[in-house]
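Biologist: I am new to this structure and would like to learn how to read it. Could you take me through it slowly?

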Amino acid sequence: FLPHLVASMEQVEETYIMVKPDGVQRGLVGDIISRFEKKGFKLTGLKLFQCPKDLAEEHYKDLNSKPFFPKLIEYITSGPVVCMAWEGAGVVASARKLIGSTDPLQAEPGTIRGDLAVQTGRNVVHGSDSPENGKREIGLWFKEGELCQWTPAQAQWLRE
Ligand code: GDP
Ligand code: MG
């Protein structure tokens with residue numbers, strides 16, 4: 001019985017990260033994936049995908065009363081997206097920090113939106129805002145069998 005191992009396992013979270021159509025069209029996929037990879041989180045799902053309208057509406061259902069909602073759905077379905085599931089202790093909040101503020105002009109330099117975007121309506125990447133939404137969104141965007149559980153070779157060099 002290894003109490004420290006149990007404690008660290010309890011903190012493992014999942015987040016849904018997506019390169020939006022503008023990020024794919026602008027050739028930013030590699031840069032964006034690389035930031036999460038280099039940080040040390042574990043990739044458990046990855047695919048290029050043309051999002052149907054009903055899935056976009058379900059994903060963003062909390063925003064369906066906003067005036068920009070129709071434009072948001074049009075944007076997200078306008079071309080392929082890259083869907084990702086990432087795992088690790090604290091990954092949800094950390095990914096939001098790596099992504100930066102919703103408005104790219106307010107996002108800090110060094111963040112994805114701060115470095116790579118200029119407008120809220122073209123902010124290149126999505127990240128879940130809570131562990132609950134991480135699970136919900138991974139369930140929406142991935143089918144069973146599309147996710148991989150694996151142990152990265154570098155695991156022992158990332159955490160004591
Ligand atoms: P996020 O969690 O930082 O992505 O931001 P929200 O959950 O508040 O909004 C979801 C997405 O809707 C944002 O990433 C934007 O793509 C889009 N969005 C939010 N607010 C606006 C807005 O005022 N105008 C437009 N055009 N899009 C918006
Ligand atoms: Mg959000």
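Modeller: What follows goes from the sheet to the helix and then to the ligand. The model is predicted, so local features need pLDDT of at least 70 and side-chain atom pairs count only at pLDDT 80 or more, while totals for chains, interfaces and linings use all residues. Residues are numbered from 1 along each chain as its sequence is written, chains are lettered from A and ligands numbered from 1 in the order in which they are written, and side-chain values use heavy atoms, without hydrogens and water.

Biologist: In what order do the strands of the open sheet lie?

Modeller: Strands are DSSP runs (E, at least two residues; for helices H or I, at least four), numbered from the N terminus, and two strands pair if DSSP finds at least two bridges between them. Here four strands form an open sheet in the order β2-β3-β1-β4, paired antiparallel. β2 (42-49) and β4 (125-127) are at the edges with a single partner strand each, so one side of each has no neighbour in the sheet.

Biologist: How does helix α3 lie against the strands?

Modeller: An axis is a line fitted to C-alpha atoms, for helices over the stretch in contact (heavy atoms within 4.5 Å), and angles run from 0 to 180 degrees between N-to-C directions. Helix α3 (residues 29-39) lies across β1, β2, β3 and β4, at about 10° to β3.

Biologist: Which side chains have N or O atoms close to an oxygen atom of ligand 1?

Modeller: A polar contact is a pair of N or O atoms within 3.5 Å. An oxygen atom of ligand 1 is 2.9 Å from a side-chain N or O atom of K20; for R96 such a distance is 2.8 Å, and for R113 it is 3.0 Å.

Technical notes:
A polar contact is a pair of N or O atoms within 3.5 Å; within protein, one must be able to donate a hydrogen and the other to accept it, and residues adjacent in sequence count only if both atoms are side-chain atoms.
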